[in-house]
Amino acid sequence: MIRTLWSHQWKSFWRSSSSGKGLAIRIFVGLIVLYLLSAAIILGLRLNLIIEKVAPARDAIKIFCGFLLYYFAIDIIARFFLQDLPTLTIKPYLIQNIQRRELIRFLNMRSLISFFNLLPILLFFPFVLTAITAKFGGGTALVFLIAVSGFILANHYIILYVKRKMELNNGWLVGFFILCVALVLADYYKIFSISRISNALFSTFLTRPWVCVFPVLFSVAAFINNDRFLLNNLYIEEKDDNQFANNTNNLRFLDRYGIIGELIALDLKLIWRNKRPRTMILYSMILIFYGFIFYVPKNLANTSHWWGLMFAGLFITGITLFHYGSFLFSWQSNFFDGLMTTNLPIQSYLKGKWFLLSSMSSALLVITSFYGLIDSKLILIQLACYLYNIGVNVIVLMYFATWNYKSMDLSRGSMMNYQATGIVQWLFTLLLVLIPAAIYFCFYYLTGPWSAIIVLGLVGLISLLMRDWWIILITKEFKKRKYSILQGFREK
Amino acid sequence: MITVQNLIKAYKGIAVVNIPILEIIAGETIGLVGNNGAGKTTLFRLVLDLIRADRGAIFSKGKDVTSTEEWKRYTSAYLDEGFLIGYLTPEEYLFFVGKLNNLSHSDVKERVRVFDRFFDDMVLKPGKFIRDLSKGNQFKLGIAACLLQDPEILILDEPFANLDPTTQLRLIEMLKDWKEQMNMTIFISSHDLNHITKVSSRILLMEKGKIIKDELTSDQTLKDLELYFKV
C-alpha cells in the first residue's frame with residue numbers, strides 16, 4: 001500500500017497541469033539544493049581543518065559542541081520559513097479501504113525527505129566520525145551520532161506540528177515568533193549563552209554516553225505528538241468557525257468607488273473569510289519587524305551600508321504584496337469560470353487587482369512609518385521603496401501571475417495541496433528585490449547613496465504614471481493565457 | 001443571435017465537439033440533449049469563451065466571442081458551482097452581480113422579490129455562506145443571479161438535475177414567462193426528456209460531439225427522443 005502511495009505521489013508530480021513551468025522551477029531549485037549539498041559535504045569533510053584554522057589554540061571538539069545547539073536553533077527557524085509541509089489530497093484515500101494509520105505513516109516518512117534532514121548529516125557526521133572517534137573511541141562517536149540524529153528528527157517533527165497547528169490557530173504563529181525573538185534577544189544580551197549550554201550539553205554526550213537517550217526520547221516524543229495530532233485531525237471538512245461573517249459593514253465605504261471598489265471588497269472578504277489567505281497575510285505581516293534587524297546604528301550611520309536599508313525598505317513596504325501577489329489569480333480559482341463570463345471586462349478586473357496590491361503596499365507604508373522614530377531618513381527611504389514597489393513590482397507580480405496555472409483550495413482541510421510557502425516562494429521574492437538592488441548599486445557607485453535612493457523612487461514614480469499602459473499590456477498577456485489558466489484552475 | 005461555424009474541439013486527437021453549422025435565432029429556447037460525454041458542456045464552454053476552439057468560430061450578434069468581450073453584457077450563464085463565490089452570503093453575491101450590471105442595492109432587492117416563491121427560506125438566510133448551501137439551493141441562487149441581469153441570452157447546464165420536483169416545475173414556468181416577457185434566447189441542456197421538451201421550442205440532439213438531430217419541438221419529439229435513448 002505504501003508503495004502505491006509513493007507511486008501516486010510520483011505520478012501526480014509529473015502529471016499536474018502546471019507541470020511545465022512548475023517543473024522548470026523545481027529543476028532550478030533542485031540544482032541549487034544539489035549545489036548546497038555538495039558544498040555541505042566538502043565543508044563537513046574539512047570541518048576539522050576549518051575549526052583549527054579559525055581557533056587554533058582551542059579544542060576543536062569543544063568548539064564543535066558549542067556550535068551545535070546554535071545550529072539547531074537556526075535550523076528550527078529556517079525550517080519554520082522554508083520547510084514544506086508534506087501534503088496529500090486525502091479525500092479519495094479516506095473512503096478507500098486504507099487504514100488511517102497507514103496514511104499517516106506514509107506522510108511522516110515522506111516528510112523525512114527534506115533538505116534540512118540531509119544537511120546536518122552531511123555537515124556533522126564526517127567530523128564526528130573522524131575527530132571524535134580519534135579522541136573518544138568508536139562507541140562514543142556512535143552514541144554522539146545518535147544524539148545528533150535525535151535532535152534532527154525532533155526539530156523536524158516539532159516544526160511539522162507547529163506549522164500544522166498554525167493553520168488552525170493563528171495564536172501559534174504569534175507565540176512561536178515571540179519565542180524566537182526572546183531567544184535571540186536573550187542570547188544577544190547575554191542573559192544566557194546558547195553556546196555555553198550547547199557546549200555543556202554535547203560534552204556530556206561524550207563523557208556520559210547514556211545521556212544520549214534523552215534526545216532520542218525527545219525525538220520520539222515529537223514524533224508521537226505529530227502522529228497523534230494527525231490521527232485526530234484527518235477529516236475532510238472542518239467547520240471554519242469564524243464569526244467574521246457579518247463585518248462587511250466596514251467595507252461599505254468602498255461602494256463609492258464603483259466596480260473597482262466592489263472588486264477590492266471581494267478580495268478583502270476572500271482574505272478575511274478564508275483560513276488560508278488570512279494566515280498567509282498575517283504570517284507575512286510578521287516580516288514587518290524585519291526592520292529592527294536592518295535599521296541598526298551601524299547601517300544607518302555608514303552610507304556604504306545603506307543597501308541594507310533599501311533592502312529592508314523594499315521588504316517592509318512590499319512583503320504582503322509579494323506573497324499575496326504571486327498567487328494573485330489562484331486565490332479566486334474556485335470561481336474563475338464565473339468571473340470570466342460575468343459582465344466584467346478583463347481590463348477592469350485586472351485594474352481592480354492593481355488597486356488591491358497597491359493598497360496593500362500603501363497600508364504597509366503607513367503602518368511601518370513608526371520606523372521614522374528610529375531615524376527620520378528612514379521615512380524617505382521607505383517612501384522611495386514604496387514607490388518602486390507600487391510602480392514596478394506590482395506590475396511584475398501581475399505579469400508572473402498570468403503564468404500561474406495552479407488552482408488553490410481555500411477550504412481548510414487538514415491536508416491540502418502543495419502549499420508553496422516554501423523555497424520557491426522565497427526565491428521568487430528574491431527576484432523582485434534583485435532588480436531594484438541593481439538599480440541602487442548602479443547609481444550608488446556613480447553618484448552616491450542619496451541619489452541612488454531618489455532614482456529608485458523616481459523609477460517607481462515614472463512607472464506608476466505609466467500604469468494604464470502597463471495594465472493594457474498585462475491584459476494582453478492575460479488573454480493569451482486565459483484558457484490555460486482556466487484549465488489549470490478547473491483541476492482541483 | 002448565435003452562429004457556430006466549423007467548430008471543432010479535440011482532446012488527444014478525438015473530436016469532442018464537431019459542428020459545421022448551427023444558427024440560433026433570437027427568442028428561441030434550445031434544449032440540448034445527449035448522453036454523458038456527448039459534448040454538451042464543452043459546447044457551452046466554447047460559446048462562453050472558456051475553452052479555446054481548435055478550429056472554427058462562434059459568433060454572438062455577428063461578433064466573434066473570442067475577439068471581443070461585448071457578449072458578456074447581454075449573456076448570463078450558470079454551468080456549475082464554480083460560478084458562485086463560496087465565501088459570500090447569497091445576498092452579497094447578488095449585490096455583487098448587480099453592481100457589475102449597474103444595479104443598486106435597492107434595484108437588486110426589488111428584482112429578487114420575484115424569486116420569493118422560487119427560493120425557500122434557506123437560500124437568503126442572513127449569515128449563511130454560499131458554500132454552506134446545499135447543491136440544489138446553490139443552483140437556485142445561480143439561476144437567480146443570471147436572471148437578475150435581464151440577459152438576452154441565458155445558458156444553463158442541466159438546471160433540472162439538482163432541483164427538487166416543485167422547483168423544477170416552478171423553473172419551467174419561470175423560463176416560459178421570462179421568455180415571453182423579455183424575448184430571451186435560452187440555451188439549456190438536460191437529461192430530463194420530459195422537462196426539456198416542455199420548455200424548448202427547438203431540440204438539438206448531440207452524440208459524440210456532433211449534432212445528429214435538430215428539429216422544432218412537436219408532440220412527436222418526446223417519443224422520438226425516448227426511442228433514441230432506449231437503444
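This is a predicted model: local features need pLDDT of at least 70, side-chain atom pairs count only at pLDDT 80 or more; totals for chains, interfaces and linings use all residues.
Biologist: Why is A:T317 called buried?

Modeller: The relative accessible area of A:T317 is 0%, and buried means under 20%; A:T317 therefore counts as buried. The residue is placed in helix 15 (residues 306-325) of chain A.

Biologist: What makes the pair of A:Y161 and A:F229 edge-to-face?

Modeller: A pair of aromatic rings is described by the distance of the centres and the angle of the planes. For A:Y161 and A:F229 these are 5.4 Å and 80°. Centres must lie within 6.5 Å, and planes over 60 degrees apart count as edge-to-face; the pair is therefore edge-to-face. The pair links distant parts of the chain, with A:Y161 in helix 7 (residues 138-168) of chain A and A:F229 in helix 10 (residues 213-232) of chain A, 68 residues apart. Both A:Y161 and A:F229 are buried.

Biologist: Why is the pair of A:F370 and A:Y371 called tilted?

Modeller: The ring centres of A:F370 and A:Y371 are 4.5 Å apart, and their planes stand at 35°. Stacked requires under 30 degrees and edge-to-face over 60, so the angle of 35° makes this pair tilted.

Biologist: How do you know whether A:F370 and A:Y371 are buried or partly exposed?

Modeller: A:F370 has a relative accessibility of 29%, which lies between the limits of 20% and 50%, so A:F370 counts as partly exposed. A:Y371, at 0%, counts as buried.

Biologist: Which residues do ring pairs link into a cluster?

Modeller: The cluster consists of A:F329, A:F336, A:Y349, A:F478 and A:F489. A:F336 is also one of the residues with the most contacts inside the largest nonpolar core, the other being A:Y324. That core has 149 residues. A second, separate core of 35 residues includes A:L47, A:I61, A:F124 and A:V143.

Biologist: What makes strand 2 and strand 5 of chain B edge strands?

Modeller: They belong to an open sheet of four strands, in the order 2-1-4-5 (chain B), with antiparallel pairing. Strand 2 (14-24) and strand 5 (63-64) of chain B each have a single partner strand, so one side of each is left without a neighbour in the sheet.

Biologist: What makes B:K61 a charge over a ring?

Modeller: B:K61 lies over the face of B:Y74, at 4.0 Å from the ring centre. The distance limit is 6 Å, so the value of 4.0 Å lies within it. B:K61 is placed in the loop between strand 4 and strand 5 of chain B, and has a positive phi of about 50° although it is not a glycine.

Biologist: Why is B:K208 called exposed?

Modeller: B:K208 has a relative accessibility of 67%, and exposed means over 50%; B:K208 therefore counts as exposed.

How values were computed:
Residues are numbered from 1 along each chain as its sequence is written. Chains are lettered from A and ligands numbered from 1 in the order in which they are written. Side-chain values use heavy atoms; hydrogens and water are left out. Helices (H or I, at least four residues) and strands (E, at least two) are DSSP runs, numbered from the N terminus. Buried means under 20% relative accessible area, exposed over 50%, partly exposed in between (1.4 Å probe, protein chains only). A nonpolar core is a set of buried Ala, Val, Leu, Ile, Met, Phe, Trp, Tyr and Cys residues joined through side-chain atoms within 4.5 Å. Rings of Phe, Tyr and Trp (its six-membered ring) pair if their centres lie within 6.5 Å; planes under 30 degrees apart count as stacked, over 60 as edge-to-face and the rest as tilted. A charge sits over a ring if NZ of Lys or CZ of Arg is within 6 Å of the ring centre and within 35 degrees of the ring normal. Two strands pair if DSSP finds at least two bridges between them.
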